[in-house]
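Here are some exercises to work through with the model open beside you. Try each task before reading its solution.

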Amino acid sequence: MTGLWDGLLLGLGTTLLIWVGAIVVSLVLGVPLSALRRAEHWAPRLIGGAWAALARGIPPIVWIILVFYGLKFGPFQAFPPLAAMVALGVVNSAYVGDAIRAGLDSVPRGQWEAAKATGLGGVVTMGRVILPQAFPIMLATITAYSITLLKNTALASIIGVSEMLYYAYQAVSTGTNPLVAFLAAGVIYLACTVPLGFLARWIETRSVIAVVR
Amino acid sequence: MDWIVDLVERVMGLLPGLWVSLQLTAGAVAAGIPLGFLAGLALQRRNRWITWPIIGLVEIFRGFPALLTLYLVYFGLAGFYPLDAFTSVVIAFGLTTGAYSSEIFRTAIASVPRGQLEAADALGLTSWQRLRTVVLPHVLTIAVPPVIGIVIISFQGSALAYAIGMKELLGSAFSQGMLNFTLIPELLVAAGLYLAVTLALSGMESLAARRARRIAGRGPVAATKNLAATATAA
C-alpha cells in the first residue's frame, strides 16, 4: 500500500509538470492563433481555421503518438514528457485561441469605437481598455479547458511517461488490486480537477462583462 | 500516380478499424445518452437525497481521465465478472458520456417554458404524458447540437480502446504499420480519417444548431448557445 501511494505521488509530480508545460506551449501558440482567426484578410483566417481543425479534429492520443514516434527528434526520445507537453499543447492551443478570440469579441463594439474616437493608439486601447475587461472571461475559459488538459496528461502513460496513471498501472502489474490502485489515482485526479472547476466558476463571476453569460 | 494507389491501399487497410471505432462510439453514445437524460431529469428534483448522489457521480466521471475509467472497468471489474474489451469500452465511455451529457439535458429540461408545464397540468396530463408530449419535443429540438458535440468527444475517445489492445482505428494503424514496417504513414492516414469523421460531425452540429434556432424561434436561442458552450467545455 505504501508503495502505491509513494508511486502515485511521484507520478503526480510528472503529471503536473506535463500539465504546466502544455499550458505554456498552448499559450505561446494560442495568442498568434487568435490573431490569425481575428484577421481581416481571408488568408490568415484560413490558416488559423485549418490549424484549429487539425488540433481539434485529431484525438489527443493520436497527437501524442505522432509527435513521439513521428518526429525523430532527440530531446523527445530522451525525455518523453516533452513530447506529451508539445502534443497536448498543440491540441489545447485551439481552445486557448478560441478563448482569447471570444474574450476580445465579448467587449462591446462601443468600447473599441470610443477608444478610437478618444484618439488612443492600438497598444493603449488593447492594454488599458479592452484587455482589462476581456481578461477575466479569457482566464475563466482557459482555466476550464486546463481541467480537460490535466485529465489528458494521463494519455502520456501510453508512450511510457511515468506519470500518475502509469504508476497505478505498474502497481496493478505487481499485484495491487486494480480497483484500489485506479480509484486511488482517481481520487488524486479529482483533488486537482474539482478545485480547478470551482476556480474557473469563481473567476467567471468576477468578470465585468455580464452579457456573455 | 503511385502515391494515390498507395494512399488508397492504406485507407482501405484501415477501414475495418474505422468501422470498429464507429461501433464503439455508437455503443458509448447509446449507453450514455439515456443515462445523461435520466440524470438530467432527476436533477430537476428538489430532493437532496436524489440530487446529491447524482451530482457526486457526475463529478466523479467528469473528473476521472477517460483512460482511467476504462482501466477501472476493464481491469477492476474483471475480478467480479470477466468483461471483453468491447463491453468494457461501452461501459466505461457510457459512464463518461452520461456524465458529460447530464449537464446538457439538465439545462435543456430546465429551459422548457414554465407556462407550457402549467398548461400541461391545467389540461390534466399525467406526468408521463407531460414528459412525452411537452418536455421531450422541446429537449429533442434544442439538445441535438450539443449532443452531436458529445458524439464527437466519444468518437475521439474511442481511440483509447487501443490501450487495452483493441483493433480500432488507432490499433489497426499500429498493427498495419508494424506489418509494412511503415508506422508513420499509417498513423498519418489514421489521423486523416479521424479528422474527416470529426469534420463531418461538426458540420452536422452547425446544421443542427441552425435548424434548432429556426424551429425553436427566439426563446431557446440563448439556451442553445449556452448548451453549445457547455458541450465544448466538456
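Two residues are in contact if their C-beta atoms, placed from the backbone, lie within 7 Å. Keep that cut-off in mind, and remember that this is a predicted model.

**Exercise 1. Describe the overall make-up of chain A.**

Solution. Start with the secondary structure: chain A has nine helices and zero strands. Reading from the N terminus, the order is therefore α-α-α-α-α-α-α-α-α. Next, take the extent: along the principal axes, the C-alpha atoms occupy a box of roughly 70 × 40 × 25 Å. Then turn to burial, where 45% of the 213 residues in chain A count as buried. Finally, consider contacts between residues at least 6 apart in sequence: 77% of these in chain A link residues at least 24 apart.

**Exercise 2. Work out how H8(A) and H9(A) are oriented, and which residues bring them into contact.**

Solution. First locate the pair: helix H8 of chain A spans residues 164-173, and helix H9 of chain A spans residues 178-206. Their axes are 8 Å apart and the packing angle is about 165°. Angles over 145 degrees count as roughly antiparallel, so H8(A) is roughly antiparallel to H9(A). The crossing of H8(A) past H9(A) is right-handed. Now list the contact residues:

- H8(A) supplies A:Met164, A:Leu165, A:Ala168, A:Ala171 and A:Val172.
- H9(A) supplies A:Pro178, A:Ala181, A:Phe182, A:Ala184, A:Ala185 and A:Ile188.

Sorted by class, the residues of this contact are eleven nonpolar, no polar and no charged.

**Exercise 3. Characterise the side of chain A that touches chain B.**

Solution. Begin with the counts: 29 residues of chain A are in contact with 26 residues of chain B. Then ask which elements give two or more residues to the chain A side: they are helix H2 (42-57), helix H3 (60-70), helix H7 (122-152), H8 and H9 of chain A. H9(A) gives the most, with ten residues. By class, this side of chain A has 24 nonpolar, four polar and one charged residues.

**Exercise 4. Find the residues with the most contacts inside the largest nonpolar core, and list the partners of A:Ile64.**

Solution. The largest nonpolar core has 122 residues, and A:Val62 and A:Ile64 have the most contacts inside it. Helix H5 (residues 80-106) of chain A gives the largest share of this core, 14 residues. For A:Ile64, leave out residues up to four places away in sequence; the residues touched are then A:Ala83, A:Ala84, A:Ala87, A:Leu155, A:Ala156, A:Ile158 and A:Ile159.

Methods. Residues are numbered from 1 along each chain as its sequence is written. Chains are lettered from A and ligands numbered from 1 in the order in which they are written. This is a predicted model: local features need pLDDT of at least 70, side-chain atom pairs count only at pLDDT 80 or more; totals for chains, interfaces and linings use all residues. Helices (H or I, at least four residues) and strands (E, at least two) are DSSP runs, numbered from the N terminus. A residue is buried if 20 or more other C-beta atoms lie within 10 Å of its own, exposed if 12 or fewer, and partly exposed in between; C-beta atoms are placed from the backbone. Axes are lines fitted to C-alpha atoms, for helices over the stretch in contact, and angles run from 0 to 180 degrees between N-to-C directions. Angles under 35 degrees count as roughly parallel, over 145 as roughly antiparallel, 65 to 115 as roughly perpendicular and the rest as oblique. A crossing is left-handed if the near helix is turned anticlockwise from the far one by less than a right angle, and right-handed if clockwise. Ala, Val, Leu, Ile, Met, Phe, Trp, Tyr, Cys and Pro count as nonpolar, Asp, Glu, Lys and Arg as charged, and the others, Gly among them, as polar. A nonpolar core is a set of buried Ala, Val, Leu, Ile, Met, Phe, Trp, Tyr and Cys residues joined through C-beta atoms within 7 Å.
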